[in-house]
Amino acid sequence: MSELEIRGLRVTFDGFTAVDGVDLDVAPGDLRFLIGPNGAGKTTLVDAVTGLVKAEGSAKFGGAELLGRPVHRIARSGIGRTFQTATVFEELTVLQNLDIAAGAGRSMWTMLRRRKDVPEAVAQAMETVGLTDLADSPAGTLAHGQKQWLEIGMLLVQDVKLLLLDEPVAGMSHDERQATGELLQRISEERTVVVIEHDMDFMRSFARSVSVLHAGKVLSEGTVAQVQADPKVQEVYLGHVEDTAVVQEA
Amino acid sequence: MSSGSGSSRVPRRGFLAVGAALTAVVTLSACGAKTDAAGSSSDKAAKIDVSGDTVKVGLLNSLSGTMAISEVTVRDSLKLAIDEINASGGVLGKKIKPISEDGASDWPTFAEKAQKLIKEDGVAATFGCWTSASRKAVKPVFEKNKSLLFYPVQYEGLEQSPYIFYTGATTNQQIVPALDYLKSKGLKKLYLVGSDYVFPRTANKEIKAYAKANGMTILGEDYAPLGSTEFSTIANKVKASKADAVFNTLNGDSNVAFFKEYKSAGLTAKSMPVVSVSIAEEEVKSIGTQYLAGQLTAWNYYQTTTGAANAKFVKAYKAKYGQDKPTSDPMEAAYTSVYLWKAMVEKAKSFDPEKVKAASDGITFDAPEGTVTVDGATQHVYKTARIGEIGTDGQIKEVWNSGKPVKPDPFLKGYSWASGLS
Amino acid sequence: MTVILGQTFTGISIGAVLLLIALGLSLTFGQMNVINMAHGEFIMAGAYTTYVLQKSISSAGISLLVALPVAFLVSGVLGALLEWLLIRRLYLRPLDTLLVTWGVSLMLQQLARDIFGAPNVQTRAPDWLTGNIEIIGGDDPLTFANSRLFILGLAVAAVVALSLTLRLTPLGRRIRAVVQNRDLAEVSGISTSTVDRTAFFLGSGLAGVAGVALTLVGPIGPTMGTNVIIDAFLVIVVGGIGQLKGTVIVAFVLGVLQSVLEYSTTVSVAKVLVLVAIVAFLQWRPQGLYTLRTRSLV
Amino acid sequence: MNVLKGRSARAWAGFAGAAVVLFAIAPLALSDFRLGLLAKYLCTAMVAVGICLAWGRGGLLTLGQGVFFGLGGYAMAMHLKIADAGPGNLPDFMQLYGTATELPWWWKPFENPLFALAATVLLPMAVAALLGLFIFRRRVKGAYFAILSQALAAALAIWLVGQQATTGGTNGLTDIQGFFGYSLDDPVNQRLVYFVIAAALLLLMAIARQLINSRYGELLVAVRDSEERVRFLGYDPANVKLVAYVVAAGMAGLAGALFVPAVGIISPALIGIVPSIEFVIGAAVGGRASLVGAVLGAVAVAWAKTALSEEFPAAWTYFQGLLFIVALAFLPGGLASLAVLVRRRRKASPAQQTAAVPLGEAA
């Protein structure tokens, strides 16, 4: 199991600095929550680590530098992510979605043949995220929460070592959040999980550690209790920290 | 949801089906090959449908696409001639029934429609085609089916198909006389401008050979892609060359842009005349006399050509299609071609293409352009060459003619300077 | 020397024509990302408007000047109509829009053929536009054609007018807001459908103006639009989507490139070389000359 | 599993039925002329098979298929022209328009029938691979890709026209007499050509079907719908698209090659922007994502063109325009989506509707 190690990460868009010198260490087996107000640079940070935007500085996973490599290479080195709006392949079935996620390393010959049966990893992942009964439904017909789960399932079959989840429980009911949180805890036993989240309640229930981002910088870091006690954090959130759910926005 | 349902569960055993299909192919195609082993069939001339009291002829012109502009007028004059013939009793006692097909400015379509006319409709002869490319596309069809095509447009020569009659000018009836005319006027430094296709390139090859043998110089040669409408650079080049005259083989839309640019560059018919071989009355109308007045054209016929036959033709055409519709050389050649075919058929007393061909030599017709005579050896027509000047009224005024019909010489065999050309 | 100057001017004037025909596209394609293949037919509509007006107004000069606003209106209304009938259903499917508008363009061409006849029609240019200005006299004169200068002026005026409209007017602000964030604009109370239609009206109207200009240099016929449309799209693609300055620069660069290559090779070769150069350029900068860098969702 | 078996049986029957129609009924029912036309339509259908794969499944709007069709066609026609001319002779048009006394170097390899045959498919594929490599790597997509394709089609057509002495210019290569030793004059051999084309079409459909049903086919749809997402799963979408693009190009090349003996001509007019767009329309009308739909659509549109233009040339233009508008604006799935709708309505299975299932099993 490897560690995510970010040093001096900077991302600028036409003069605007979205991420401004972030240092971040996430240990193996951690379940780290990234919180912060809108525009704090949370999503951009994940974008930079996964190769979607260009960045300066360094981001290493398991000792290997990620910056500057193409997106699919980073993905193949064991880093997976989800997006704020669930992006699954709507016209494909749940099974097909998962099968594709499982198959980046397949040989040409395997690719050109039909799928004969359900691969073991796919069956397991379907079981884990509770979509076995819907295996043959097009992903486009799934409820919102189910799509989020399908995405997590895709990361599982992809067998990534580092999961970067962007607001995985947005739009879920209370019960669904609870189930998702428990799932994340189990997953993080063997992998490293980083979650961007606005839902403070959810964060308090499941985070092992928390980093607070503000204006492109890390404002505070530690356990939930430590962070909540930090006056700087309270100032940034203008007291909203105490609310159960901060409205999330794009 | 940009596309249809990706219904995903699909059959597995496609390959089996393909296997079956392939077996079927092999069996069937083997049959085909075997029957052929006897050798290629020899006589399979298309059947001409002469049942009933009509005889069918095909009219093959582009009625849509870029060439429709020109070819519709040819179709109209073909119909005029057919109507006149029918009104005076038809051919061998049968009324002519025209079957009009659209070549759609697309060469394979021309070939397809030619096949349809011959094989499905059983036409006795076909009239039409404009571009060399369409003629080249249908030529094998007419030759294979031993059916006749009458081609009414001036062209680049170097062709003599046994199943095509060429009623437009070949090069020695249009381009060579135009060069003779320029030479006689002392215009010896030429600039060549043409569209990028067969006719201009071939014509310019001949012009260069002529120039070499006649002490003329070619200062430049430019081709624009068909349909090109940006001519400022070419106009600059022409202007900078200080040529005596321009020989213009541009086609269609390009002429409009060329002459507008020519005038903008300050060039005029006085300072540097342009001789065009593809601008007839119809084109003058769409370019505008503002840009064309005083420029020269080379043809075998103008609407203003004198004679009773032409007066009758122009009057009949305008009565049928409208007073504002001009008549032009290809239209006249098309009109004439129907009458020539009629005369051949009547001389042969048969619609059979072989007999019609055999009867063709020496057939004459008092055409709007003057008397024309078919040369049986080349299946071209003796025509009078004319140079005209475009007037401010849009009419073309004849300024010179060859005096008597010029014998067609598609391969320029009678010209020593052309010996290396084909 | 005069050759170089002459060809540069020719290149700039080719660029001006390109710019005029591409300017409307920079709005509909560049800003709204709609590939409207019928744009060429809006140019045609502008040209035929000139022709029709000249039949009723005998003075060539006056009819040309009157034609400018009238053609803008005619093509603009056609564009708004097209947007309302078809394009608004297709905003999420840009490639389908391409094929649908190709169908529209076929029908408009045939319509023109049925109304005005298949042959080209002619318009008379006013006398003050048919001559030329002598810059260098003498044996090796350098002249600039009046019609080309007029088109250059028209193109510059149109660019200025468009960029001022986009920058200064409330309408322009709305258009930019919708382009940048459609959903946000919608919730901020902007009627995006009205903005779309207005932008389409403007873009298509500019095509009409280009059509008037083209009557001075080229044929006026049913297929005149198709002859220029691909070139116009290439200008936008190379310039960068949504970038007026990219469109302007690229139009002139391509114009000069075309004229230089035409002079030193042949027109066909020049055409092929320019196309190849464009493909190569897009290898280097796939998003065009200027791009907006933004944080994008997937 | 029963459903699966039922469907594969139906597809089997479909293939067999198509074979019977193409190999038995059509040749018996149609005159030589109409059968020749059908051969031509089937060639456009072969292009449509590739378009179905690349556009319908892969979302690549291939507006430059004319280029590949033309390359295949020219490769075939060049060989046939050389063969017609006989050893040591130049093809007729070169004697007429050219100055060369021997074959240009780039014609020479086509003297070899095997090289020419391989080139009809491999040449378009190689060109597509080269282009695709550049274009997809640099993530040129959507509108850019479509417009670039058109620009290339235009460039190739203009170039071919300009090289009259060695390519026949606007005329193209015409008057092709023989097809690998068989005279094309002979109606029996024309039928043979038809059978070859019909068999090739079925073969291409089988290949496309296999690709669509394979894991690759699923991945291709995934790339079409969300290219970035696929990238985050560790695939390089450029390669995925490249395969579909190259296969489609090969199919268009084969279609062009077989078009030549069927129609007897290949010319730049078949390569430019307009024919390239016309190739797409058939697939669009029939249903771009459905193989059968695309093929039937291509044949139907080509047939409608012949039928309508025989009667009303102007009407054909209106009709063609209308086809584009109706098929794409109002029926993006093409006619095939109508068939699917009908089938769904007949079955009206409630199982499909119950998508929202509560969570529970997660823990």
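1. Let us start with how the elements are counted: helices (H or I, at least four residues) and strands (E, at least two) are DSSP runs, numbered from the N terminus. On that basis, chain B has 13 helices and 15 strands. Please keep in mind that this is a predicted model, in which local features need pLDDT of at least 70, side-chain atom pairs count only at pLDDT 80 or more, and totals for chains, interfaces and linings use all residues. Residues are numbered from 1 along each chain as its sequence is written, while chains are lettered from A and ligands numbered from 1 in the order in which they are written.

2. A few words on chain B as a whole. A residue is called buried if 20 or more other C-beta atoms lie within 10 Å of its own, exposed if 12 or fewer, and partly exposed in between, with C-beta atoms placed from the backbone. Of the 422 residues of chain B, 59% count as buried. Two residues are in contact if their C-beta atoms, placed from the backbone, lie within 7 Å. Among the contacts in chain B with a separation of 6 or more, 70% come from residues 24 or more positions apart.

3. Next, the domains, whose bounds come from an automatic or database domain assignment. In chain B this gives domain 1 (54-169 + 308-382) and domain 2 (172-304 + 386-418). Their C-alpha centres lie 26 Å apart. Across the boundary, 30 residues of domain 1 of chain B are in contact with 25 residues of domain 2 of chain B. On the domain 1 side, α2 (68-87), α4 (132-145), α12 (329-348), β12 (370-375) and β13 (380-382) of chain B each supply at least two residues. The most comes from β12(B), with four residues. For the classes, Ala, Val, Leu, Ile, Met, Phe, Trp, Tyr, Cys and Pro count as nonpolar, Asp, Glu, Lys and Arg as charged, and the others, Gly among them, as polar. By class, the side of domain 1 of chain B that touches domain 2 of chain B has twelve nonpolar, twelve polar and six charged residues.

4. Do look at strand β8 (residues 245-249) of chain B. Five of its five residues are buried, so the strand is largely enclosed by the rest of the structure. Ala245(B), Phe247(B) and Thr249(B) point one way, and Val246(B) and Asn248(B) the other. Strands pair here if DSSP finds at least two bridges between them. β8(B) pairs in the parallel sense with strand β6 (residues 189-195) of chain B over five bridges, and Asn248(B) is the bridge partner of Val193(B). β8(B) also pairs in the parallel sense with strand β9 (residues 274-276) of chain B, over three bridges; there Val246(B) has Val274(B) as its bridge partner.

5. Chains C and D also meet: 39 residues of chain D are in contact with 33 residues of chain C. On the chain D side, α6 (142-162), α10 (227-232), α12 (273-286) and α14 (313-330) are the elements that give two or more residues. α6(D) gives the most, with 15 residues. By class, this side of chain D has 28 nonpolar, seven polar and four charged residues.

6. Within chain C, you will find a hairpin formed by β1(C) and β2(C), with five residues between them; Gly138(C) in the turn has a positive phi of about 85 degrees. Strand β1 (residues 132-136) and β2(C) pair in the antiparallel sense over four bridges, and Ile133(C) stands opposite Phe144(C). Strand β2 (residues 142-145) of chain C has a covered face, Thr143(C) and Ala145(C), and an uncovered one, Leu142(C) and Phe144(C).

7. Finally, two backbone details to check. Most residues other than glycine have a negative phi, and most peptide bonds are trans. Glu167(A) has a positive phi of about 50 degrees although it is not a glycine. Glu167(A) is found in the loop between β7 (162-166) and α7 (174-187) of chain A, and is buried, with 22 other C-beta atoms within 10 Å. Leu412(B) likewise has a positive phi of about 50 degrees without being a glycine. Leu412(B) lies in the segment after β15 (396-401) of chain B and counts as buried, with 22 C-beta neighbours inside 10 Å.
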